[in-house]
Amino acid sequence: MTYTVTTHPSSLWPSSCGRSVYQQRQAPFLGPRLTSQSPSKDGKSQAPPSLGLRRKSGWEAAVKRHNLTKRWLMKIIDEREKNLDDKPYRNIQELENYAENTQSSLLYLTLEILGVKDLHADHAASHIGKAQGIVTCLRATPYHGSRRRVFLPMEICMLHGVSQEDFLRQNQAKNVRDVIYDIASQAHLHLKHARSFHKSVPVKAFPAFLQTVALEDYLKKIQQVDFDIFHPSLQQKNTLLPLSLYVQSWRKRY
């Protein structure tokens, strides 16, 4: 199969982190909710609810033993419990809220372990966590599609006239790629905003934020294939990623 990269210009990312491209031309959501079951939205097998509740007490004990903020742990647990049925995200805000309560909360705990208490670091962690959640949702789309599930924000899909079936059939039409572009753009904006705090964030916090290297790598690759979420190259490992992580760590950047 031949892939053509012609649709989007090279300087395609939005320049500010407020409203994404799709939000600027937003239409009300009127469609029916899609239904889904396990596996979970991050592509991992899902444990029975009772098992998660049993583990909860053990996690609380660990947080208390290491003198961490219990609130961040509870946000992770509570958000996952609310999403045990794994319904699709209605809009990008719902996806961002999920990422904030899971990925960002995990970063807040990591900062505490590193001994970092800084407002700028917390702001950066919030945006990095949201970028991580959005990228994870994108990366898992082919996996979910192979199991006849779609979790991408339905509001954006409807805005571009894309149905669930388009993703299940791995449709590569322009409107499908436009959906991916809008979602990826939001991740890029969060990543850019997180890095805008670079000079204010304590160097001690940087190890917690090195995941930005992998996030940027994926966003660059998906741009190079014109936002074809099913392009085979997106499933290939970047063997230079460890080197990139080392370089960023050595340069004391994230």
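The questions and answers below go through these topics in turn.

Modeller: This is a predicted model, in which local features need pLDDT of at least 70, side-chain atom pairs count only at pLDDT 80 or more, and totals for chains, interfaces and linings use all residues. Residues are numbered from 1 along each chain as its sequence is written, and side-chain values use heavy atoms, with hydrogens and water left out.

Colleague: What is the mean pLDDT of the chain?

Modeller: pLDDT is the predictor's confidence in each residue, from 0 to 100. It stays under 50 over residues 1-7 and is below 50 over residues 17-39. In the chain, 78% of the residues reach 70 or more, and the mean pLDDT is 83.

Colleague: How many residues are in the largest nonpolar core?

Modeller: A nonpolar core is a set of buried Ala, Val, Leu, Ile, Met, Phe, Trp, Tyr and Cys residues joined through side-chain atoms within 4.5 Å; buried means under 20% relative accessible area, exposed over 50%, and partly exposed in between (1.4 Å probe, protein chains only). Leu138, Leu152, Phe167, Val201 and Phe209 have the most contacts inside the largest core. Its residue count is 57.

Colleague: Which residues is Val201 in contact with, leaving aside neighbours within four places in sequence?

Modeller: Contact means heavy atoms within 4.5 Å. By that rule Val201 is in contact with Asp118, His120, Ala121, Ala124, Phe206, Phe209 and Tyr254.

Colleague: Is Val247 buried or partly exposed?

Modeller: Val247 is found in helix H10, residues 241-250; helices (H or I, at least four residues) are DSSP runs, numbered from the N terminus. Its relative accessibility is 32%, so Val247 counts as partly exposed.

Colleague: Which residue forms a salt bridge with Arg177?

Modeller: A salt bridge is a side-chain nitrogen of Lys or Arg within 4 Å of a carboxyl oxygen of Asp or Glu. The closest N and O atoms of this pair are 2.5 Å apart. Arg177 is in helix H8, and its partner, 49 residues apart, is in the loop between H9 and H10. Both residues are buried, and the partner is Asp226.

Colleague: Which helices hold Arg195 and Glu216?

Modeller: Arg195 and Glu216 form a salt bridge, with the closest N and O atoms 3.1 Å apart. Arg195 is partly exposed at 22%, and Glu216 is partly exposed at 27%. The pair ties together parts that are 21 residues apart in sequence, because Arg195 lies in helix H8 and Glu216 in helix H9.

Technical notes:
Helix = DSSP H or I, 4+ residues; strand = E, 2+ residues; numbered from the N terminus.
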